[in-house]
Structures are given as structure tokens and as C-alpha cells.
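Here is a short note for a colleague who is opening this structure for the first time. Please keep the view open while reading.

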Amino acid sequence: MEAFELQTTFDTDEYIFREGDPGDCAYIIDSGMVEVSLDKDGRTLVMATLTKGDIVGEMAIIDRLPRAAAARAIAPTVLTAIPLDYVSQKIEQSDPTVRMFLRLAMARYRDMNARLGQVFEELSVGQSDASSDAFASSTMEMKSVMSQFKEMQKRIDTAVTKPAPSDGNSLFGEKTLEITKLLVTEEKLLKAAITKKEFRLHYQPIVDLASNRIVGCEALVRWEHPSGELLLPSRFLTQVEKSDLIIELGYWIAEEACNFQSRLLTDFRHDLFVAINLSGKQFEDQFLVPSLADIMDKTGARREQIKFEITESLLIDNPELATQSLHQLKETGAKLAIDDFGTGYSSFSYLHRFPFDTLKIDRVFVSAMSRSEKSHQIVKSLVNLSRDLDMEVVAEGIESEHEAEIMRKFKATYGQGYYFSRAVNETAFVKLLRTPQIKIAG
Ligand code: C2E
Ligand code: CA
Ligand code: CA
């Protein structure tokens with residue numbers, strides 16, 4: 001059996017590895033969900049939640065040090081293991097300069113990751129008083145560490161995505177290494193995909209929890225891959241976001257989604273809101289806001305029914321740019337939502353600086369509610385605090401009537417999740433609209 005075909009299954013809450021464990025494998029997530037966390041003096045800091053197509057534990061491949069973080073399955077998960085020995089062998093056969101560069105780069109990568117955890121800790125202490133010096137200096141430091149971190153990631157990306165020489169003797173040149181195959185070839189395919197119009201938008205209903213009626217939807221991008229598979233964003237979006245392709249794709253997505261909002265009204269008499277995700281990189285484009293305003297007008301979308309979703313990381317990476325662009329975007333008349341709330345670094349003391357209309361509670365909290373009293377309390381206070389800040393709440397990832405019922409009890413405005421419907425294509429979405437109540441409890 002080839003090394004890369006070692007598949008392992010993990011149950012929910014089962015550890016794949018813990019901090020300090022020997023780093024003997026990297027993993028590609030075939031299905032399920034993995035949480036990567038650090039233990040800081042007995043507190044768990046969640047660093048990332050990874051899903052299908054993501055890679056976990058990859059640092060071991062280069063630096064062979066004990067694990068710097070723990071990885072735990074938070075849903076039934078299937079992984080393909082890439083044993084260190086196998087990859088080490090390949091690295092040993094590679095060009096010595098590239099080998100040394102990768103070792104140094106990955107050691108610094110790990111160092112910065114640890115530093116980031118530390119700064120985050122300082123920041124969470126400082127955030128109880130947003131005006132304190134500790135908060136300000138931690139924020140500054142966070143920015144500087146983040147920018148160094150990004151710079152390093154850029155360099156590593158350039159090194160590993162260089163096309164492999166055809167002599168078969170290159171570092172990651174073999175087709176056996178799935179990760180690199182993705183990295184090397186995907187960008188070319190992605191470019192072609194835009195030209196060949198292989199991207200599709202699916203729409204997931206957002207439901208008013210009190211009446212179970214659809215009030216809007218979120219546009220989610222899919223790639224109709226030439227292989228026939230319909231790929232989810234976890235398989236390609238990171239790569240698109242790393243390149244400038246996201247600018248072009250982002251405009252296509254906005255236009256398609258605004259068109260849908262407009263047609264829902266004119267063709268089907270449904271005045272629903274359509275939520276559009278924006279990536280951080282799109283904000284580097286100085287024409288973003290006027291172009292989005294043009295798109296809303298050109299398509300005939302009702303501006304107040306277009307809602308742009310932005311994740312917390314944008315606010316952290318570049319708060320000045322974010323503040324300016326978000327205020328400009330708000331002035332167009334469109335609505336703004338903060339996405340995946342609770343998974344990043346921001347806090348409520350930070351939130352009032354930005355003109356958000358809606359807060360989306362990340363599904364990690366919603367799905368943990370029935371298992372953990374703490375998550376239950378977190379969700380409850382997020383709903384209450386949003387109300388105090390005059391924001392609507394969308395609870396993401398509702399998968400059962402039980403979760404919907406808890407959210408109704410908390411008086412959360414809206415819900416979104418597989419319980420109501422997965423993201424579906426336009427035709428199927430319009431069909432869903434014919435059902436007066438998408439789910440009837442009981
Ligand atoms: P997101 O913005 O948090 O989108 C919600 C994701 O959660 C979607 O995954 C959706 O299918 C999934 N989801 C919804 N309900 C449930 C549920 O009940 N259970 C579970 N387990 N999952 C649920 P998807 O479509 O794979 O998208 C993943 C991420 O990719 C999105 O997360 C968003 O960050 C990004 N993305 C998707 N479409 C776009 C886009 O058009 N532009 C940009 N910039 N990002 C996008
Ligand atoms: Ca979203
Ligand atoms: Ca989300």
C-alpha cells in the first residue's frame with residue numbers, strides 16, 4: 001500500500017494528536033471536522049477549525065519537532081495520513097538549497113504561530129478594557145506578528161508552488177503527494193475555471209425562527225470541476241484567495257448574487273435578502289465599494305436587501321482599511337454582517353467600532369450547545385449582547401429541531417443550517433420558497 005493511502009477514522013472528540021506528541025504524520029482531511037487548539041495555562045485556545053480538503057499536522061513534515069498544538073475531531077472524521085518517514089525521504093532527495101530554505105522557513109512559521117498564541121492571550125486579558133494601554137500595545141503587536149506571519153506564508157507558498165522539473169527528482173514533484181498536486185496545479189485550473197465559467201452559486205435559506213419562513217439566503221460558491229465533481233470552497237477558495245483571482249471571482253459572485261436578488265423579486269415576487277461573502281483580499285482593491293455599488297444598480301438589486309458578510313479576521317488583519325471600507329460600504333445602503341463570530345480574536349468591545357447590522361454566531365458554538373453548558377451560555381450571551389447592540393442574529397449550523405428550539409428560546413432572530421436546508425441551486429431554492437413554512441416543528 002502506498003503511504004499516502006493510509007486512511008484513519010476518528011470519532012467526535014477523539015484526539016488525532018495532543019500537544020507534545022511526536023510529530024510523525026501529516027493528514028489530509030477527507031471528511032468531517034478537526035479543531036486545532038493550544039493549551040495556555042489550562043485554557044484552550046482554538047487556533048483553527050479545519051474541514052474536508054484541509055491539511056493538519058503538516059509542520060511535522062519539515063521540522064520533526066513534537067506537536068505544538070492539539071488536533072481533535074469535532075465530528076466523525078476520516079483522514080488520510082502522510083507519514084513523516086515517507087516525506088522525509090523525498091525531502092532528503094531534494095535540492096539542498098530548497099531543503100534548507102524550507103527547514104528555516106517552517107521553523108520560523110512555527111515560532112510565529114506560538115508567538116501569535118501568546119499575543120492573543122495578552123489581547124484577551126487587555127480586551128476587558130478596550131482603552132487600556134495593554135489592549136493598544138497588544139493590538140499593535142498582533143498586527144506586526146500577523147504581517148510577518150503573512151510575509152512568511154507568501155514566501156513558503158512561492159517556494160512550494162514553483163512548477164516541478166520534469167526529471168521526477170523534485171521536492172514535491174511526484175503525483176503521490178496530494179497536497180502539492182493541489183498547490184501546483186490548482187491555480188492554473190482555477191484561472192481556466194473562471195474563463196470557462198465553471199463556478200456556480202448555491203443558496204442556503206436563512207429562516208425567521210419565530211415563523212419558520214425563509215427571509216433570505218446566503219450565496220455560497222461551488223466549482224463544477226472538469227472531473228464532474230462539485231467542489232466545495234474548502235477545496236479551492238484558499239488558493240483563489242492567495243492569488244488575485246479572488247478579485248475577479250468576487251465580482252462574478254457579487255453580480256450573480258445581486259442578479260438573483262433582483263430576479264426573486266421581479267420573477268417570483270419574493271423580496272428576500274441575499275448575503276454575499278467578501279474575502280479580506282477583496283478589500284485591497286481600491287475600486288471595491290464603487291464597483292459593488294455599480295453591480296447592485298446594474299442588476300436592479302434592492303440595496304437594502306444585499307448583505308455583505310465579513311469575517312472577524314479582516315478586522316484584525318487591517319483594522320484601518322476595514323473601518324474605512326465598511327463605512328463606505330454601509331453608505332451604499334447595503335447591509336453588513338460579521339461572520340463566524342466567536343472564532344477569531346475580536347470581542348464585543350471591538351465590535352461597536354464597525355457598522356454591522358447582523359452578527360452570525362459560528363456553527364461551532366451552535367453544534368456544541370447540547371454537549372456543553374459553556375457553549376450554551378456563550379450562545380445565550382451572544383444573542384443578548386447583539387440585541388443590546390441593535391444587531392440581528394443569525395445562528396449558523398442549526399442541524400436539529402432541538403437546536404432551533406433553543407435558539408427560539410434565546411430569541412435569536414434568524415437560523416441557518418442543514419435542519420432547514422443545505423445550500424441548493426437556484427431552481428431548488430425557488431421550489432423551497434413555495435413551502436410556506438420550511439419546517440414545522442413537532
Ligand atoms: P461560511 O460563510 O461560514 O458559510 C457557511 C458554511 O457552513 C457553508 O459551507 C455551509 O454549507 C455550511 N453549513 C451551513 N449549515 C450547516 C450545518 O447545519 N452544518 C454544517 N456542518 N455546515 C453547515 P461552504 O459552502 O462549504 O462554505 C465554506 C466557507 O467558504 C464559507 O463559510 C465562506 O467562508 C467561504 N465561502 C463560500 N462561498 C463564498 C463566496 O462566494 N465568497 C467568499 N469570499 N467566501 C465564500
Ligand atoms: Ca458566510
Ligand atoms: Ca459563517
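1. **The chain as a whole.** This is a predicted model. The chain has 442 residues, and buried residues make up 50% of them. Its secondary structure comes to 15 helices and 17 strands. The accessible surface is about 21,100 Å², and carbon and sulfur atoms account for 52% of that area.

2. **Contacts along the sequence.** Take the contacts between residues at least 6 apart in sequence. Of these, 70% join residues at least 24 apart.

3. **The calcium site.** Which residues hold the calcium ion (ligand 2)? Its protein donors are Glu218 (OE), Asn277 (OD1), Glu309 (OE) and Asp339 (OD). They lie 2.1 to 2.3 Å from the ion. Along the chain, the donors follow the spacing E-x58-N-x31-E-x29-D. Two of them show how the site links distant parts of the chain: Asn277 is in strand β12 (residues 273-277), Asp339 is in strand β14 (residues 335-341), and 62 residues separate the two.

4. The calcium ion (ligand 3) is 3.9 Å from the calcium ion (ligand 2). Asp339 coordinates both ions.

5. Are Asn277 and Asp339 buried or partly exposed? Asp339 has a relative accessible area of 5%, so it is buried, the cut-off being under 20%. Asn277 stands at 28%, so it counts as partly exposed.

6. **Around ligand 1.** There are 20 residues around ligand 1. Arg222, Ser279, Arg363, Glu399 and Tyr418 come nearest. Asn277, already named as a calcium donor, also has a polar side-chain atom 3.2 Å from an oxygen atom of ligand 1. Backbone atoms take part as well. A backbone N or O atom of Val221 lies 3.1 Å from a nitrogen atom of the ligand. For Tyr418, a backbone N or O atom lies 2.8 Å from an oxygen atom of the ligand. On its own, ligand 1 has 790 Å² of accessible area, and the protein covers 84% of it.

7. **Elements of the shell.** Which elements give two or more residues to the shell around ligand 1? They are β10 (213-224) and β14. The most comes from β10, with four residues.

8. **Helix α8.** This helix runs over residues 288-299 and has twelve residues. How does its length check out? At 1.5 Å a residue it should span 16 Å, and the end C-alpha atoms are 16 Å apart, so the two agree. Its buried residues include Leu288, Leu292, Ile295 and Met296. Among the elements covering the buried residues of α8 are α7 (245-268), β13 (306-311) and α10 (319-331). Just after the helix, Gly300 takes a positive phi of about 75 degrees.

9. **Two backbone angles to inspect.** Most residues other than glycine have a negative phi. Asp13 has a positive one, near 75 degrees. Asp13 sits in the loop between β1 (6-10) and β2 (15-17). Its relative accessible area is 38%, so Asp13 is partly exposed. Asp340 also has a positive phi, near 55 degrees. Asp340 lies in strand β14, and with a relative accessible area of 23% it is partly exposed.

Conventions
Residues numbered from 1 in each chain as written. Chains lettered and ligands numbered in written order. Predicted model: local features only at pLDDT ≥ 70, side-chain atom pairs only at ≥ 80, totals over all residues. Heavy atoms only, no water. Donors = N, O, S within 2.8 Å, 3.2 Å for Na, K, Ca; no water. Buried < 20%, exposed > 50% of the residue type's maximum accessible area, 1.4 Å probe, protein only. Expected span 1.5 Å × (residues − 1). Contact = heavy atoms within 4.5 Å. Near = heavy atom within 4 Å. Polar contact = N/O pair within 3.5 Å; in protein donor to acceptor, adjacent residues only side chain to side chain. Areas by Shrake-Rupley, 256 points an atom, 1.4 Å probe, with all protein chains shown as cover.
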